[in-house]
Amino acid sequence: MRRQTLLMAVLAVAAGTAASRELIESERCRAALGALQDAQAEAVTKRAGASPAKPLDGETAKRLEALRRQAARACLGGTGDPTPHAGQPAPAPLDRRSTPRPLASPVLPPAPMTPAPVPPAPPLTVLSCDSSGCWASDGSRLQQLGPHLLGPRGLCTQQGLMLNCPP
């Protein structure tokens with residue numbers, strides 16, 4: 001029983017393949033494809049001066065769609081109408097009166113840009129000293145004032161090579 005079913009399935013596929021090959025190679029199919037190609041070439045030459053983003057006019061688009069369906073019928077059989085995807089029902093026609101309009105999403109102002117954090121300046125250190133003052137790592141000259149050093153930002157204290165100066 002299984003062999004008979006398998007044999008029947010193979011024969012059905014082979015017959016379908018032979019039938020589809022006959023349709024594709026038929027004169028009717030060639031004529032339909034030729035008419036479609038001619039119409040497409042005519043539409044392209046019509047649009048030669050127009051921008052590529054501009055859609056086809058309604059009459060040309062309808063004519064091309066009709067020729068596509070005719071070629072599909074002639075070459076592939078069937079109705080030429082597109083079929084819905086497997087597992088999905090065919091879409092119902094829209095009734096614009098009963099279809100609710102989508103709510104407009106609120107437009108929010110752009111978030112303010114926060115500047116990137118500035119890394120802290122490296123600590124000041126003493127590079128070299130002489131009898132009247134010292135040179136700091138930022139290139140400034142600090143004058144000796146007793147045990148302290150007087151810099152461009154005020155009085156600094158020295159702890160080893162590190163300097164503690166006002167900000």
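Predicted model: local features only at pLDDT ≥ 70, side-chain atom pairs only at ≥ 80, totals over all residues.
A disulfide here is a pair of cysteine sulfur atoms within 2.5 Å.

Residues are numbered from 1 along each chain as its sequence is written, and side-chain values use heavy atoms, with hydrogens and water left out.

## The disulfides

The structure holds three disulfides. Counting bonded cysteines along the chain, their pattern is 1-2, 3-4, 5-6. Here they are side by side.

| Disulfide | S to S distance | Torsion about the S-S bond |
|---|---|---|
| Cys29 and Cys75 | 1.8 Å | about 95 degrees |
| Cys129 and Cys134 | 2.0 Å | 100 degrees |
| Cys156 and Cys165 | 2.0 Å | 120 degrees |

The torsion of Cys29 and Cys75 is about 95 degrees, so this disulfide is right-handed. It links distant parts of the chain: Cys29 sits in helix H2 (residues 27-46) and Cys75 in helix H3, 46 residues apart.

Cys156 and Cys165 are both buried.

## Strands and hairpins

Two strands pair if DSSP finds at least two bridges between them. Strand E1 (residues 126-129) runs antiparallel to strand E2 (residues 133-136), and three bridges join them. These two strands form a hairpin with three residues between them. Within this pairing, Ser128 has Trp135 of E2 as its bridge partner.

Further along, E4 and E5 pair in the antiparallel sense, again over three bridges. A hairpin of two residues joins E4 to E5. Leu149 finds its bridge partner in E5, namely Cys156.

E5 also pairs with strand E6 (residues 162-164), antiparallel and through three bridges. The bridge partner of Gln159 in E6 is Met162. In the hairpin of E5 and E6, with two residues between the strands, Gly160 takes a positive phi near 70 degrees.

## The nonpolar cores

A nonpolar core is a set of buried Ala, Val, Leu, Ile, Met, Phe, Trp, Tyr and Cys residues joined through side-chain atoms within 4.5 Å. Which residues make up the largest nonpolar core? The nine are Leu124, Val126, Cys134, Ala136, Leu142, Leu149, Cys156, Leu163 and Cys165. Apart from it lies another core, of eight residues, including Ala32, Ala43, Leu67 and Ala74.

Contact means heavy atoms within 4.5 Å. Setting aside neighbours within four places in sequence, Ala136 is in contact with Leu124, Thr125, Leu127, Leu142 and Leu163.

## Two residues up close

Where does Arg153 sit? Arg153 is found in the loop between strand E4 (148-151) and strand E5 (154-159). Its relative accessible area is 45%, so Arg153 is partly exposed. Not counting residues up to four places away in sequence, Arg153 touches Leu124, Asp138, Pro166 and Pro167. One of these, Pro166, is 13 residues from Arg153 in sequence and 6.1 Å away in space, C-alpha to C-alpha.

Is Thr60 buried or exposed? Thr60 is buried, because its relative accessible area is 11%. Thr60 lies in helix H3 (residues 58-76). Leaving aside neighbours within four places in sequence, Thr60 is in contact with Ala43 and Lys46.

Note on methods. Helix = DSSP H or I, 4+ residues; strand = E, 2+ residues; numbered from the N terminus. Buried < 20%, exposed > 50% of the residue type's maximum accessible area, 1.4 Å probe, protein only.
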